[in-house]
Amino acid sequence: MIRQPADEIRNSSIFDQMIIQQFYDKGLAHASYAIIRTGKMIVIDPARDPQPYYDFAAMHDANIVGVIETHPHADFVSSHLEIHETKGAIIYTSKLTGAEYPHESFDDGDEIQLNDIKLRAINTPGHSPDSICVLVEDENRYEQALFTGDTLFVGDVGRPDLRENAGNITAKKEELAVQMYNSTREKLMKLPHHVVIYPAHGPGSLCGKSISADLESTIGRELRENYALQLMDELTFVKTIITDQPFIPKYFGHDVDMNKRGAPPFCAGVDSVVRAGHNYVLEKNIPIIDTRAKHEFKNGHLKGAINLQNSGKFETWLGSIIDPDEKFYLIASTEADLEEVIKKSAKIGYEQNIKAALLSLGNVKSIAPDFDIIEFNAAPENYTIVDVRNQNETEDGLLFNNAIAIPLPELRERLNEIPTDKPIIVHCAGGYRSAAAASIIQGKITAVPVFDFEEAILEVGSVKSDS
């Protein structure tokens, strides 16, 4: 295994001169792959920006001849259509996908010959009805590697509740959980223990609930350590994987449909975004996403702006707060930061939603109020406390007994549930969500001050880090 420090090219493996390269996007916890064998390259589950794959192919003097989609992804937009149009690569995906782009079906029994190795499709419904895994075999049919998409992760399996209302085929989560039980027991768990697995996601992805920090594993290790592959009956399995799944961002169904159609080219989408000058007049009633650090935001921001900082899981929170068909303004501190957040927006297909992107305006200011922790500790009952953590974080109890629990993704729609007779304090687990939530509330509730409780919450026991 060769480890490289770059975020986008994480590691590579070499099996008898076959190169397997992993490209890892920390922001979306997304892993994509390139397989090279004697000058031919196939990409699996590519990200929105295809340039890293082009660069890698050029580095190894290889031609990109194919792209495999393990399923229509919900959490990011794929560049499969752009790679096809640019490089002439064949797109392979299950016939169940209902793909609207040029492709060849790739299902049980289908094989792709890459010189003297074969890539064999295995239908593995469960995360989605159209999920496949890709098994790599040498000319002697010796199984070497398995690209598992969102079916099998390190330490977890794909959640079964994302395709109830999206995609070519919809199914209830209970039905998909049963399919996942069968896919794992009848297909994946029967593979040799030495087979290396390469999943499409790592820790922090919302496509699973307890994904390990490791970005690759083996069938043998997963049989020993993965909770979902342990001995249990079907009913127990279904209940286990349905329980405690994280929230579903607003953009997930939108991206499933976009990936089913095929997305427009990445650079064209980014370049189409309007870069506005300092004299630009913002329209009313269009959300403003201010991506600056919270201390900058606190010292002055446009009235009503939402402080969604350019760090951590920016893309996920953007697609959780802003609807897929909703326009918004995008603000950053510098030109470089602005280009970065435009590209991050494009990773989930939201560049089309950007009304205009601009640098922070210095002539219109709203100042966030300062919070007196001593005064709060003396009489917390004099404040309305809003807990914006997710439901699976609050179901075991609140940090403040009198708090109102409203998860951040639901906050804009539930502001009317917050009383306005006392000052409002917002908290989460580490500060990212509370900064966003406080700004959302401040933009709509002006009768009382609204505070971000980050400093105080960090003093209350041991809490998870926000992202």
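This is a predicted model: local features need pLDDT of at least 70, side-chain atom pairs count only at pLDDT 80 or more; totals for chains, interfaces and linings use all residues.
Residues are numbered from 1 along each chain as its sequence is written, and side-chain values use heavy atoms, with hydrogens and water left out. Helices (H or I, at least four residues) and strands (E, at least two) are DSSP runs numbered from the N terminus.

Helix H3 (residues 173-186) packs against helix H5 (residues 234-242), the axes coming within 9 Å and crossing at roughly 115 degrees. Axes are lines fitted to C-alpha atoms, for helices over the stretch in contact, and angles run from 0 to 180 degrees between N-to-C directions. The H3 and H5 crossing is right-handed; a crossing is right-handed if the near helix is turned clockwise from the far one by less than a right angle, and left-handed if anticlockwise. Contact (heavy atoms within 4.5 Å) involves Lys173, Glu174, Ala177, Val178, Met180, Tyr181, Asn182 and Arg185 of H3 with Glu234, Phe237, Val238, Ile241 and Ile242 of H5. This contact comprises eight nonpolar, one polar and four charged residues, where Ala, Val, Leu, Ile, Met, Phe, Trp, Tyr, Cys and Pro count as nonpolar, Asp, Glu, Lys and Arg as charged, and the others, Gly among them, as polar.

Strand S19 (residues 328-332) pairs with S20 in the parallel sense over five bridges; pairing requires at least two DSSP bridges between two strands. Isoleucine 331 has leucine 358 of S20 as its bridge partner. From S19 the chain passes through helix H10 (residues 335-347) to S20 in a right-handed β-α-β crossover, meaning that with the strands pointing away from the viewer, the path from the first strand over the helix to the second runs clockwise. In strand S20 (residues 354-359), five of the six residues are buried (under 20% relative accessible area, 1.4 Å probe, protein chains only).

H10 also packs with helix H9 (residues 314-321), at an angle of about 65 degrees and with the axes 9 Å apart. Phe314, Glu315 and Leu318 of H9 and Val341, Lys344, Ser345 and Lys347 of H10 make the contact.

An open sheet of four strands has the order S22-S21-S23-S24 with parallel pairing. Its edge strands, S22 (404-405) and S24 (450-452), each pair on one side only. Three bridges link strand S23 (residues 424-427) to S24, with aspartate 452 of S24 the bridge partner of valine 426. Helix H13 (residues 432-444) lies across S23 and S24 and runs at about 170 degrees to S24.

Technical notes. Buried means under 20% relative accessible area, exposed over 50%, partly exposed in between (1.4 Å probe, protein chains only).
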